[in-house]
Amino acid sequence: MTEIAFQDAYPEDLSHCYGCGRHNPQGHQLKSFWDGEETVAEFQPEPQHTAVPGFVYGGLIASLIDCHGTGSASAAAYRAEGRALGSEPPLRFVTASLHVDFLRPTPLGPVLKLRGTIEEVKERKVVVAMTVSANDQVCATGRVVAVRLPAAMA
Ligand SMILES: CCCCCCCC/C=C\CCCCCCCC(=O)SCCNC(=O)CCNC(=O)[C@H](O)C(C)(C)COP(=O)(O)OP(=O)(O)OC[C@H]1O[C@@H](n2cnc3c(N)ncnc32)[C@H](O)[C@@H]1OP(=O)(O)O
(Lines give C-alpha, C1' and ligand atoms only; values in the text may rest on other atoms or scores of the structure.)
Protein backbone atom coordinates (compact mmCIF):
# COMPACT_ATOMS: atom_id res chain seq x y z
CA MET A 1 0.00 0.00 0.00
CA THR A 2 1.32 3.44 -0.91
CA GLU A 3 1.24 5.81 2.01
CA ILE A 4 -0.45 9.14 1.34
CA ALA A 5 1.15 12.38 2.53
CA PHE A 6 -0.85 14.13 5.26
CA GLN A 7 -1.15 17.25 3.11
CA ASP A 8 -2.44 15.26 0.13
CA ALA A 9 -5.47 14.34 2.25
CA TYR A 10 -6.43 18.01 2.73
CA PRO A 11 -9.62 19.00 0.89
CA GLU A 12 -9.18 20.43 -2.62
CA ASP A 13 -10.30 23.92 -1.63
CA LEU A 14 -7.90 24.04 1.34
CA SER A 15 -4.75 22.97 -0.47
CA HIS A 16 -3.28 26.34 -1.43
CA CYS A 17 -1.07 26.87 1.62
CA TYR A 18 2.31 28.40 0.70
CA GLY A 19 4.13 25.88 2.85
CA CYS A 20 2.31 22.68 2.00
CA GLY A 21 -0.52 23.17 -0.48
CA ARG A 22 -0.34 20.79 -3.41
CA HIS A 23 -2.17 23.41 -5.51
CA ASN A 24 0.42 26.15 -4.88
CA PRO A 25 3.04 25.84 -7.63
CA GLN A 26 5.15 28.65 -6.09
CA GLY A 27 5.01 27.09 -2.61
CA HIS A 28 7.18 24.57 -0.78
CA GLN A 29 4.71 21.68 -1.20
CA LEU A 30 5.95 20.00 1.97
CA LYS A 31 4.88 16.37 2.39
CA SER A 32 4.69 14.72 5.81
CA PHE A 33 4.35 11.04 6.71
CA TRP A 34 4.20 8.74 9.73
CA ASP A 35 7.34 6.91 10.84
CA GLY A 36 5.98 4.79 13.66
CA GLU A 37 4.82 7.14 16.40
CA GLU A 38 6.76 10.06 14.91
CA THR A 39 6.22 12.13 11.78
CA VAL A 40 8.78 12.92 9.10
CA ALA A 41 9.24 15.26 6.15
CA GLU A 42 12.12 16.28 3.92
CA PHE A 43 12.87 19.51 2.09
CA GLN A 44 15.64 20.46 -0.32
CA PRO A 45 16.49 24.17 0.10
CA GLU A 46 17.43 26.08 -3.04
CA PRO A 47 19.83 29.02 -3.47
CA GLN A 48 16.94 31.53 -3.12
CA HIS A 49 16.47 30.29 0.45
CA THR A 50 19.79 31.85 1.49
CA ALA A 51 20.26 33.84 4.71
CA VAL A 52 24.03 34.35 4.67
CA PRO A 53 25.75 32.67 1.70
CA GLY A 54 26.00 28.97 2.46
CA PHE A 55 23.28 28.97 5.13
CA VAL A 56 19.50 28.56 5.13
CA TYR A 57 17.14 31.47 5.85
CA GLY A 58 15.49 31.04 9.26
CA GLY A 59 12.07 32.05 8.00
CA LEU A 60 12.09 29.10 5.64
CA ILE A 61 12.92 26.78 8.53
CA ALA A 62 10.05 28.31 10.54
CA SER A 63 7.59 27.75 7.70
CA LEU A 64 8.68 24.11 7.36
CA ILE A 65 8.13 23.63 11.10
CA ASP A 66 4.75 25.37 10.78
CA CYS A 67 3.49 23.09 8.02
CA HIS A 68 4.99 19.88 9.34
CA GLY A 69 3.42 20.76 12.68
CA THR A 70 -0.09 21.46 11.42
CA GLY A 71 0.03 18.45 9.10
CA SER A 72 1.20 16.23 11.95
CA ALA A 73 -1.55 17.64 14.16
CA SER A 74 -4.22 16.72 11.65
CA ALA A 75 -2.80 13.21 11.17
CA ALA A 76 -2.55 12.69 14.95
CA ALA A 77 -6.18 13.71 15.39
CA TYR A 78 -7.32 11.19 12.76
CA ARG A 79 -5.15 8.49 14.33
CA ALA A 80 -6.52 9.25 17.81
CA GLU A 81 -10.03 8.70 16.47
CA GLY A 82 -8.98 5.53 14.65
CA ARG A 83 -9.96 7.04 11.31
CA ALA A 84 -8.35 7.13 7.86
CA LEU A 85 -6.64 10.37 6.83
CA GLY A 86 -9.04 12.66 5.02
CA SER A 87 -12.19 10.75 6.01
CA GLU A 88 -15.34 12.72 6.80
CA PRO A 89 -15.95 14.77 8.84
CA PRO A 90 -12.68 16.62 8.21
CA LEU A 91 -10.24 17.42 11.02
CA ARG A 92 -8.65 20.74 10.05
CA PHE A 93 -6.08 22.59 12.10
CA VAL A 94 -4.48 26.02 11.95
CA THR A 95 -1.44 27.33 13.79
CA ALA A 96 -2.21 29.04 17.10
CA SER A 97 1.44 29.17 18.22
CA LEU A 98 4.73 28.65 16.37
CA HIS A 99 7.94 28.54 18.39
CA VAL A 100 11.36 28.06 16.79
CA ASP A 101 14.84 27.82 18.32
CA PHE A 102 17.79 28.09 15.95
CA LEU A 103 20.52 26.01 17.58
CA ARG A 104 23.22 26.40 14.95
CA PRO A 105 23.54 27.71 11.38
CA THR A 106 21.80 25.40 8.93
CA PRO A 107 24.00 24.58 5.94
CA LEU A 108 22.49 25.24 2.51
CA GLY A 109 23.03 22.13 0.43
CA PRO A 110 21.92 18.98 2.22
CA VAL A 111 18.29 17.87 2.37
CA LEU A 112 16.64 19.08 5.58
CA LYS A 113 14.96 16.37 7.63
CA LEU A 114 12.05 17.17 9.92
CA ARG A 115 10.94 14.86 12.69
CA GLY A 116 7.85 15.44 14.81
CA THR A 117 6.71 14.07 18.15
CA ILE A 118 3.06 14.36 19.16
CA GLU A 119 3.09 15.82 22.67
CA GLU A 120 -0.61 16.29 23.30
CA VAL A 121 -3.87 15.44 21.54
CA LYS A 122 -7.10 17.00 22.76
CA GLU A 123 -10.35 17.40 20.89
CA ARG A 124 -9.56 20.99 19.80
CA LYS A 125 -5.80 21.21 20.33
CA VAL A 126 -2.74 19.21 19.27
CA VAL A 127 0.84 20.05 20.29
CA VAL A 128 3.74 18.86 18.12
CA ALA A 129 7.46 19.15 18.93
CA MET A 130 9.90 19.02 16.03
CA THR A 131 13.54 18.89 15.05
CA VAL A 132 15.12 20.05 11.79
CA SER A 133 18.39 18.31 10.87
CA ALA A 134 21.02 18.69 8.19
CA ASN A 135 23.75 16.09 7.78
CA ASP A 136 22.28 14.23 10.80
CA GLN A 137 22.85 17.24 13.04
CA VAL A 138 19.90 19.04 14.66
CA CYS A 139 20.05 22.69 13.58
CA ALA A 140 16.66 23.90 14.85
CA THR A 141 13.88 22.74 17.12
CA GLY A 142 10.26 23.86 17.04
CA ARG A 143 6.91 23.51 18.67
CA VAL A 144 3.49 24.12 17.17
CA VAL A 145 0.16 24.47 18.98
CA ALA A 146 -2.47 23.63 16.39
CA VAL A 147 -6.14 24.32 17.03
CA ARG A 148 -9.03 22.65 15.28
CA LEU A 149 -11.36 25.01 13.49
CA PRO A 150 -15.06 24.83 14.24
CA ALA A 151 -16.93 23.25 11.30
CA ALA A 152 -18.60 26.59 10.60
CA MET A 153 -15.20 28.23 9.85
CA ALA A 154 -13.65 25.46 7.82
C1 LIG B 1 -5.56 31.68 8.00
C2 LIG B 1 -6.84 30.97 8.32
C3 LIG B 1 -6.96 29.65 7.62
C4 LIG B 1 -8.39 29.17 7.52
C5 LIG B 1 -8.51 27.84 6.81
C6 LIG B 1 -8.56 26.70 7.79
C7 LIG B 1 -8.67 25.35 7.16
C8 LIG B 1 -7.31 24.69 7.08
C9 LIG B 1 -7.42 23.24 6.78
C10 LIG B 1 -6.45 22.63 6.07
C11 LIG B 1 -5.33 23.40 5.50
C12 LIG B 1 -4.15 23.34 6.42
C13 LIG B 1 -3.23 24.45 6.09
C14 LIG B 1 -2.15 24.46 7.10
C15 LIG B 1 -1.98 25.83 7.63
C16 LIG B 1 -0.54 26.15 7.81
C17 LIG B 1 -0.34 26.90 9.03
C18 LIG B 1 -0.77 28.35 8.90
O19 LIG B 1 -0.05 29.15 8.38
S20 LIG B 1 -2.30 28.77 9.56
C21 LIG B 1 -2.33 30.58 9.46
C22 LIG B 1 -1.86 31.20 10.75
N23 LIG B 1 -2.82 30.97 11.82
C24 LIG B 1 -3.93 31.73 11.97
O25 LIG B 1 -4.20 32.64 11.24
C26 LIG B 1 -4.81 31.39 13.15
C27 LIG B 1 -5.50 32.64 13.69
N28 LIG B 1 -6.07 32.33 15.01
C29 LIG B 1 -7.29 31.79 15.17
O30 LIG B 1 -8.05 31.60 14.23
C31 LIG B 1 -7.68 31.44 16.57
O32 LIG B 1 -6.89 32.18 17.50
C33 LIG B 1 -7.45 29.93 16.86
C34 LIG B 1 -8.42 29.08 15.97
C35 LIG B 1 -6.01 29.47 16.63
C36 LIG B 1 -7.77 29.65 18.33
O37 LIG B 1 -9.13 29.93 18.51
P38 LIG B 1 -9.67 30.20 19.96
O39 LIG B 1 -8.88 31.34 20.53
O40 LIG B 1 -11.16 30.32 19.91
O41 LIG B 1 -9.34 28.86 20.69
P42 LIG B 1 -9.36 28.61 22.24
O43 LIG B 1 -10.60 27.80 22.52
O44 LIG B 1 -9.14 29.86 23.01
O45 LIG B 1 -8.06 27.70 22.45
C46 LIG B 1 -8.07 26.32 22.14
C47 LIG B 1 -6.82 25.74 22.76
O48 LIG B 1 -5.66 26.27 22.07
C49 LIG B 1 -4.80 26.97 22.99
N50 LIG B 1 -4.24 28.15 22.34
C51 LIG B 1 -4.89 29.06 21.58
N52 LIG B 1 -4.04 29.99 21.16
C53 LIG B 1 -2.83 29.68 21.67
C54 LIG B 1 -1.53 30.27 21.58
N55 LIG B 1 -1.32 31.36 20.85
N56 LIG B 1 -0.51 29.67 22.22
C57 LIG B 1 -0.69 28.53 22.94
N58 LIG B 1 -1.91 27.91 23.05
C59 LIG B 1 -2.94 28.49 22.43
C60 LIG B 1 -5.71 27.35 24.16
O61 LIG B 1 -4.99 27.54 25.36
C62 LIG B 1 -6.65 26.15 24.23
O63 LIG B 1 -5.97 25.09 24.88
P64 LIG B 1 -6.66 24.25 26.05
O65 LIG B 1 -7.86 23.55 25.43
O66 LIG B 1 -7.08 25.25 27.10
O67 LIG B 1 -5.61 23.27 26.50
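**Notebook: a sheet, a helix and a ligand shell**

I started at Leu-114 and listed its contacts, leaving out residues up to four places away in sequence: Val-40, Ala-41, Leu-64, His-68, Met-130 and Val-132. The model is a predicted one, and I read the entries below with that in mind. Leu-114 belongs to strand β4. Is Leu-114 buried or exposed? I counted 25 other C-beta atoms within 10 Å, and the cut-off for buried is 20 or more, so Leu-114 is buried. I also checked Leu-114 against Asp-13, which is 101 residues away along the chain; their C-alpha atoms are 26 Å apart.

**Sheet**

Next I traced the strand order. The sheet is open and has six strands, ordered β1-β2-β4-β5-β6-β3, and the pairing is antiparallel. β1 (32–35) and β3 are the edge strands; each has a single partner, so one side of each has no neighbour in the sheet. On average, neighbouring strands are turned by 25° against each other, with direction ignored. I then looked for what packs on this sheet and found α1, which touches β1, β2 (38–43), β3, β4 (112–121), β5 and β6. The direction of α1 makes about 135° with that of β3.

**Pairing of β6**

With β5 (residues 125–134), β6 pairs in the antiparallel sense over 10 bridges. Within that pairing I noted Met-130, whose bridge partner in β6 is Gly-142, and Val-126, whose partner in β6 is Ala-146. With β3, which also runs antiparallel to β6, I found nine bridges. Here Thr-95 has Ala-146 of β6 as its bridge partner.

**Turn and backbone angles**

How many residues lie between β5 and β6 in their hairpin? There are two, and Asn-135 in the turn has a positive phi of about 50°. Asp-136 is in the loop between β5 and β6. Asp-136 is not a glycine, yet its phi is positive, about 65°. I found 7 other C-beta atoms within 10 Å of Asp-136, which makes this residue exposed.

Gln-29, in the segment before β1, is another non-glycine with a positive phi, about 55°. Gln-29 counts as buried, with 20 C-beta neighbours inside 10 Å.

I also logged a cis peptide bond between Glu-88 and Pro-89, with omega of about -5°. Pro-89 sits in the loop between α1 and β3.

**Ligand shell**

Which residues come nearest to the ligand? Of the 19 residues around the ligand, they are Arg-92, Val-94, Ala-96, Ser-97 and Val-147. The elements giving two or more residues to this shell are α1 (58–80), β3 (93–102) and β6 (137–148). β3 supplies the largest share, four residues. By class, I recorded 10 nonpolar, four polar and five charged residues in the shell.

**Record**

Last, I looked up the annotation. An unreviewed UniProt entry lists "domain: Thioesterase" for residues 54–138. In the model, the end C-alpha atoms of residues 54–138 are 17 Å apart. This span is 27% helix and 38% strand.

Definitions and conventions:
Residues are numbered from 1 along each chain as its sequence is written. This is a predicted model: local features need pLDDT of at least 70, side-chain atom pairs count only at pLDDT 80 or more; totals for chains, interfaces and linings use all residues. A residue is near a molecule or strand if its C-beta atom, placed from the backbone, lies within 6 Å of it. Ala, Val, Leu, Ile, Met, Phe, Trp, Tyr, Cys and Pro count as nonpolar, Asp, Glu, Lys and Arg as charged, and the others, Gly among them, as polar. Two strands pair if DSSP finds at least two bridges between them. Axes are lines fitted to C-alpha atoms, for helices over the stretch in contact, and angles run from 0 to 180 degrees between N-to-C directions. Two residues are in contact if their C-beta atoms, placed from the backbone, lie within 7 Å. UniProt positions are given in the numbering used here, feature names are shortened, and annotations may be inferred rather than shown by experiment. A residue is buried if 20 or more other C-beta atoms lie within 10 Å of its own, exposed if 12 or fewer, and partly exposed in between; C-beta atoms are placed from the backbone.
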